[in-house]
Amino acid sequence: PRYFEIEPVNACKARCPMGTIDDWDRRDGLMDDDLFEKIADEIGDHREVVKRVALYRDGEPLIDKKLATKVANLKGRGVRRVGISTNASLLDEGRAEGLLLAGIDEVLLSVDSLSPSIYEAIRVGLSFDDVMRSCIRFIQLRDELESDCQVWIRMIRQESNKHEWPHFERYWRTLVKPTDRVDFRNIHNWY
């Protein structure tokens, strides 16, 4: 395979209408370090064909306090692109700097609205102000550290926020580089 998704943690503190966490038939927890090392070794053995490793799937990857170490581990094995998708609720300055210094290549920030009330109705359990502050600081820190990390800002477009898209895109475009992405995905029922 050329593309891998590794879920280092299968837990999330948010409860979103597009999330599947309440449907999981598995226990919350972190991936065992030995299992991650085994997977990283195997991927590293084939680094010439591996194009990208995503350290996320359904859980919130920043719950894993060793995430920056895992990024550095993969980058040290020659993996070309390593990325995460996060709701940014745990993206404090220490974690942000750790990821950037570890060599992370892409960070997808899921922010579904510029309205606190709409955002908090979608991202149930998260704070709009905290997430916005974390996202903006991550972008600033990326630029200060002159990291090549590509930032993606994504909205899950749904009935409550679809009217915001033009304003949402303009707002984020003023904060990111031309090589970054600002996009949306329409909410979708997996069943």
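Start by selecting strand E3 (residues 82-86), helix H3 (residues 93-102) and strand E4 (residues 106-110). Together, E3, H3 and E4 form a right-handed β-α-β unit. Right-handed means that, with the strands pointing away from you, the path from the first strand over the helix to the second runs clockwise. Helices (H or I, at least four residues) and strands (E, at least two) are DSSP runs, numbered from the N terminus.

A word on what you are viewing: this is a predicted model, where local features need pLDDT of at least 70 and side-chain atom pairs count only at pLDDT 80 or more, while totals for chains, interfaces and linings use all residues. Residues are numbered from 1 along each chain as its sequence is written, and side-chain values use heavy atoms, with hydrogens and water left out.

**Next stop: the neighbours of E3**

E3 and E4 pair in the parallel sense over four bridges; strands pair if DSSP finds at least two bridges between them. Click on Ser 85 and you will find its bridge partner in E4, Leu 108.

Is E3 enclosed or open? Five of its five residues are buried, so E3 is largely enclosed by the rest of the structure. Buried means under 20% relative accessible area, exposed over 50%, and partly exposed in between (1.4 Å probe, protein chains only). On one side look for Val 82, Ile 84 and Thr 86, and on the other for Gly 83 and Ser 85.

**Then: the aromatic rings**

Select Trp 165, Phe 168, Tyr 171, Trp 172 and Phe 184, which ring pairs link into a cluster. Rings of Phe, Tyr and Trp (its six-membered ring) pair if their centres lie within 6.5 Å; planes under 30 degrees apart count as stacked, over 60 as edge-to-face and the rest as tilted. The centres of Tyr 171 and Trp 172 are 5.1 Å apart with planes at 85°, so this pair is edge-to-face. Tyr 171 is partly exposed, at 28% relative accessibility, whereas Trp 172 is buried, at 0%.

**Last stop: around Trp 172**

Keep Trp 172 selected and show its contacts (heavy atoms within 4.5 Å). Leaving out residues up to four places away in sequence, Trp 172 touches Val 111, Leu 114, Met 132, Cys 135, Ile 136, Ile 139, Ile 153 and Val 182.
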